[in-house]
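Student: I am new to this structure. Can we go through it in short questions?

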Amino acid sequence: QVQLVESGGGLVQPGGSLRLSCAASGSFFSINTMGWYRQALGKQRELVATITSDGSTNYADSLNGRLAISRDNAKNTVFLQMSRLKPDDTAVYYCNADVQYTNGDRGTSWGQGTQVTVSS
């Protein structure tokens with residue numbers, strides 16, 4: 001099992017920045033793609049950004065240019081740097097990981113989410 005713990009959320013003013021972190025722990029062989037998704041109140045969960053183990057990134061078109069996803073493979077941690085935040089970015093942000101287990105199984109894990117609120 002893998003546990004994903006997010007941190008870094010909070011209240012920020014429009015135009016501000018935040019850096020989210022997500023650390024994976026537990027028993028596994030490796031983590032492939034890691035990513036961030038978000039879900040605003042009353043809306044479906046949507047992709048924010050993903051990053052593979054070799055550093056290839058993918059961003060939601062509507063958010064590209066304001067985000068930077070990165071990871072520290074040695075610490076099994078993924079980061080999301082968000083800038084020029086808007087009220088529409090208010091949502092719960094979830095970390096996601098594609099995990100390879102030592103027995104050969106593969107699975108997807110989710111964190112519990114961290115609230116980001118953009119408001120003046």
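What follows is a set of questions and answers on a predicted model.

Student: How many bridges join strand S9 to strand S10?
Tutor: S9 covers residues 91-100 and S10 covers residues 106-110. The two strands run antiparallel. The number of bridges joining them is five.

Student: Which residue in the turn of the S9 and S10 hairpin has a positive phi?
Tutor: Five residues lie between the two strands of this hairpin. One in the turn has a phi of about 95°. That residue is Gly-104.

Student: Is the pair of Tyr-37 and Trp-110 stacked, tilted or edge-to-face, and why?
Tutor: A search of the whole structure finds one aromatic pair. The ring centres of Tyr-37 and Trp-110 are 5.1 Å apart, with planes at 65°. Planes over 60 degrees apart count as edge-to-face. The angle of 65° is therefore what makes this pair edge-to-face.

Student: How many residues apart are Tyr-37 and Trp-110?
Tutor: Tyr-37 is in strand S4, residues 30-39, and Trp-110 is in strand S10. The pair links distant parts of the chain. The separation is 73 residues.

Student: Is Trp-110 buried, partly exposed or exposed?
Tutor: Its relative accessibility is 38%. Buried means under 20%, and exposed means over 50%. Trp-110 therefore counts as partly exposed.

Student: Which residue has its charged end over the ring of Trp-110?
Tutor: The charged end sits 4.6 Å from the ring centre. It belongs to Arg-45.

Conventions
Residues numbered from 1 in each chain as written. Predicted model: local features only at pLDDT ≥ 70, side-chain atom pairs only at ≥ 80, totals over all residues. Heavy atoms only, no water. Pairing = 2+ DSSP bridges. Helix = DSSP H or I, 4+ residues; strand = E, 2+ residues; numbered from the N terminus. Phe/Tyr/Trp six-rings, centres within 6.5 Å; stacked < 30°, edge-to-face > 60°. Buried < 20%, exposed > 50% of the residue type's maximum accessible area, 1.4 Å probe, protein only. Lys NZ or Arg CZ within 6 Å of the ring centre and 35° of its normal.
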